[in-house]
Amino acid sequence: VTCRVPYLGKSRALCTGYECIMVRDRIDKMTATQPRWFTPLRLLGIFCLTNLVVYLDRDTNAGLIASNGVNGSARTAENPGGSGIQGDFNLSYFADGLLPALFMVGLLLSSPIFAEAVKHCSAFRMLGWGMAVWVLAVVACGAAPNFSFLLVARAFVGVGEASFVSLAAPFIDDFAPAAQKARWFAAFYLCIPVGFAAGYIFGGAITTVASWRVAFVAEGLAMTPFVAFALAAQPLQLRGSKPADGTHYPPSHNQPYGHRRWRAIVGEFLTDVATVFRQRVWVSVCAAYTAYVAVLGVYAYWGPKAGRALFFGADDRGGSADLVFGGVTVLTGVLGSVAGGLALDRLGSTLRNATLLCAASNFMGFVFLLLAFITSRSFGAFMGIFAVGQLVIFLLQAPVAATGMWCVPAELRPLGASLMTVSIHLLGDVPSPPLVGLLQTRLAAGKDTQQAAEQWRISLSIFSLLLLVSGVFFLIAAWQSGPGSDYRKQPVGAGDAEDNNGDDGEGNEGREGAGGGVGREARRGGLGIVGDVDVDEVPDARPLLMGGESTGSFSSSSSNGGRGKIPDAKV
């Protein structure tokens, strides 16, 4: 047997002619709806370029708006006019800190909304409209007449970005080759550190020849082609999303649009959220990723300052700490993301392998990072060991992204991704830098400058312990990754089985390695005609359809042990 029928998971030799006709008809319908512009590699390239531009201006202590050229410096006696945003609007450090805060408010409030809206609207069109909001908001930042206007614009930048954060990864999960999914996720997510670095460089380069306002307008123009394409091109269909020309929840005379419909939508949203939180693997991975991102937030914000205090003191050369930390983070982020994706594809793209790889990454990375904080006595030695630790912890970027897609029902992948985004920021990298700052203040109180600088070793080492917490949660997720937890093997909506060519070997989750197939525990949904039954175990129903009686015969693997005819109600 050299091939298997998609959506049935068994060889052509074992399929009936009726089944083959049905499968061929379904494949013809799917291929007929694919846009002419579409190829999987072309889609990945479009999303990677878009992700790169998005992260040019990611307002979480990094990127364009955090660059010295755009953010600038406050007004002082030596420099009465200041520079950049701080100088033009005469901002205090507190007011300047409100810019990333308002961005996060827009992002975190809008992500779940976009994720749930794809059940009622085309996901591809939602991407276009969301990024149109992003373009308008970014240009508004460049034209802001006052600080209040700028704050509102930054909030809407977060709203627009929420669409891309929620929907891009599910598209990649749908169309990436099964044997290369982790590598595709790695290619997509390596654009994050590259975008951060490009934002610093772009912001500094633009402001040497023009105003900081030009930088915002330029990145808005760079995103405009993607917006036009997403709104005008034939849309690509995302599993679980409403087709662009489809219908959903048609109104009736007895149930008109209005507050009842909105109540139904809100009720459906709450039900979907509850469904996501009932997925034990997702909950464990979300907790692990939140602890991990909390540590990354600390390193991104306090790492250069700690390096300067420890190894440069008041020396002006301490400014090189920013450049070195930034360069090391970009390099290790790119190499680690790619290596993690390659490793997962080589090991086999299963939930258990992905979560075990993430756990190992955390445990091994913690050892190197702790050695860097405790043993290093020169900046070169510190950065060498620290770079190895960062490279190791960045290995989990692609596996954790893939896990988040695979451990929830297909139609809830955008919602799962958005809820995880809310968690990792709200509980992760947003509160962790202030908490480290508070701890460092307490430890350094009453000490001289050199002794106070040495306390950074303790502060950063203590918060690095969260990597161990993250690793433990990933181990729990690996233990929970049993049969039925991988939704790639389960149907979408009303019993639509999906084609799975991945190499899975986890008990009943996969069938015969690279062949993949339909899982033993088909998720009950929609019509619920077939549940908890293998396709191989379904009796021949054609005599029933033609007015005869079912033979009730099962294969040797039948769950009822071949005990004869099953009741008509069951059929």
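1. Leaving aside its neighbours within four places in sequence, with which residues is Asn-51 in contact? These are Phe-164, Phe-188, Cys-191 and Ile-192, contact meaning heavy atoms within 4.5 Å.

2. This is a predicted model, in which local features need pLDDT of at least 70 and side-chain atom pairs count only at pLDDT 80 or more, while totals for chains, interfaces and linings use all residues. Residues are numbered from 1 along each chain as its sequence is written, and side-chain values use heavy atoms, with hydrogens and water left out.

3. Asn-51 belongs to helix 2 (residues 40-56); helices are DSSP runs (H or I, at least four residues), numbered from the N terminus. Asn-51 is buried, at 2% relative accessible area; buried means under 20%, exposed over 50%, and partly exposed in between (1.4 Å probe, protein chains only). A polar atom of the Asn-51 side chain lies 3.0 Å from the backbone oxygen of Phe-188.

4. The whole structure contains 11 salt bridges, each a side-chain nitrogen of Lys or Arg within 4 Å of a carboxyl oxygen of Asp or Glu. One of them joins Lys-119 and Asp-272 (2.6 Å, N to O). Lys-119 lies in the loop between helix 5 (93-117) and helix 6 (123-142) and Asp-272 in helix 11 (residues 259-277), so the pair ties together parts 153 residues apart in sequence. Both Lys-119 and Asp-272 are buried.

5. In the salt bridge between Arg-183 and Asp-345, the closest N and O atoms are 2.7 Å apart. Arg-183 is in helix 8 (residues 181-189) and Asp-345 in helix 13 (residues 320-347), so this pair connects parts 162 residues apart in sequence. Arg-183 is partly exposed at 34% relative accessibility, whereas Asp-345 is buried at 9%.

Terms used: Helix = DSSP H or I, 4+ residues; strand = E, 2+ residues; numbered from the N terminus. Polar contact = N/O pair within 3.5 Å; in protein donor to acceptor, adjacent residues only side chain to side chain.
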